[in-house]
Amino acid sequence: MSSPHIDVSPLLEAAGHQPLPLHGRVAIVTGGAGGIGAAVSSHLVSLGARVVISYIGDPVPAEQLAVSLNGAVAVSADVSDAAQVERLFDAAQAAFGPEIHILVAAAGVQDAAYPTIADTEPEQWERAFAVNARGTFLCCRQAARRMVRGGGGRIVTFSSSNVASLRPGYGAYVATKAAVEAMTKVLAKELAGTGITANSVAPGPVATPMFYAGKSEERVKSVASECPMKRIGEPTDVAPVVGFLCSDAAGWINGQVIRVNGGYV
């Protein structure tokens, strides 16, 4: 756990500064220690949130990030495991109190071999669905049960702009993300009257280890040239969109899929 969080908002308000938009709100970010998830964790902290960084595998990156983000905590959790997801939410409440305000379900996997559907083994298909679809479902399930009612509740899932581009080699991956989009829209309706919104962010190509895995330098350059912005996206291009969806300013955005891809699709 990181060093104690110091609340400076009263001092800022006394000096004439507006309070941060997510001040005092508790956020869980799955896949929060690397790639887009790490950028989201950092951005939410900058907006005043108290963040639980969920990770799997090597604890060092998550723990280092938590230390650098004063007040954040790192919790190991395999999102495809229902018991571990339940313990993740328990840990958030133990660290920051009973009210959970924000879930960002950013954990995901992609097969670096990019097999066609004909060449996809059932085990590859099942692994993609275990993390991307089942993992998102299990996190949304806990959020729907535990998230604060009456305002400020925000669920942000992660899809992909590949759902729109439908490129060969992404069959299993796109199927998982299409499932996430549909589930998120249903969830938004099921949460009617709670004040909780549910939206999905669908990035295009973003410079992360998952994007680069299995791609040649030539392929990366080709992808960048296809974007009207003539570059690959950065995690910091996506994080502010997530931060906005988590804020009160986005309270009238619900059940939507926001494509964040520089015009790639």
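Visitor: Where is the place of Arg 145?
Guide: Arg 145 sits in helix H5, where helices (H or I, at least four residues) and strands (E, at least two) are DSSP runs numbered from the N terminus. This is a predicted model, in which local features need pLDDT of at least 70 and side-chain atom pairs count only at pLDDT 80 or more, while totals for chains, interfaces and linings use all residues. Residues are numbered from 1 along each chain as its sequence is written, and side-chain values use heavy atoms, with hydrogens and water left out.

Visitor: And is Arg 145 buried or exposed?
Guide: Arg 145 is exposed, because its relative accessible area is 56%; buried means under 20%, exposed over 50% and partly exposed in between, with a 1.4 Å probe and protein chains only.

Visitor: Which residues of H4 and H5 meet?
Guide: On the H4 side they are Ala 82, Val 85, Glu 86, Phe 89, Asp 90 and Gln 93, and these meet Arg 134, Leu 138, Cys 139, Gln 142, Ala 143 and Arg 146 in H5, where contact means heavy atoms within 4.5 Å. By class, the contact of H4 with H5 has six nonpolar, two polar and four charged residues; Ala, Val, Leu, Ile, Met, Phe, Trp, Tyr, Cys and Pro count as nonpolar, Asp, Glu, Lys and Arg as charged, and the others, Gly among them, as polar.

Visitor: What about H2 and H10, how do they pack?
Guide: Helix H2 (residues 35–46) and helix H10 (residues 235–245) pack at an angle of about 50°, their axes being 8 Å apart, and that makes H2 oblique to H10. Among the residues making the contact are Ile 36 and His 43 of H2, together with Thr 236 and Val 242 of H10. In the contact of H2 with H10 there are nine nonpolar, four polar and no charged residues.

Visitor: New topic: where does Ser 160 lie?
Guide: Ser 160 lies in the loop that runs between strand E5 (154–158) and helix H6 (162–165). Ser 160 is buried, because its relative accessible area is 4%. Leaving out residues up to four places away in sequence, Ser 160 touches Tyr 173, Lys 177, Glu 181, Ala 202, Pro 203 and Arg 259.

Visitor: What is phi of Leu 166 near?
Guide: Phi of Leu 166 is near 50°, which is a positive value in a residue other than glycine. Leu 166 is in the loop between H6 and helix H7 (171–190), and Leu 166 counts as exposed at 59% relative accessibility.

Visitor: And what phi does Lys 230 have?
Guide: Lys 230 has a positive phi of about 60°, although it is not a glycine. Lys 230 is found in the loop between helix H9 (217–226) and H10, and with a relative accessible area of 58% Lys 230 is exposed.

Definitions and conventions
Axes are lines fitted to C-alpha atoms, for helices over the stretch in contact, and angles run from 0 to 180 degrees between N-to-C directions. Angles under 35 degrees count as roughly parallel, over 145 as roughly antiparallel, 65 to 115 as roughly perpendicular and the rest as oblique.
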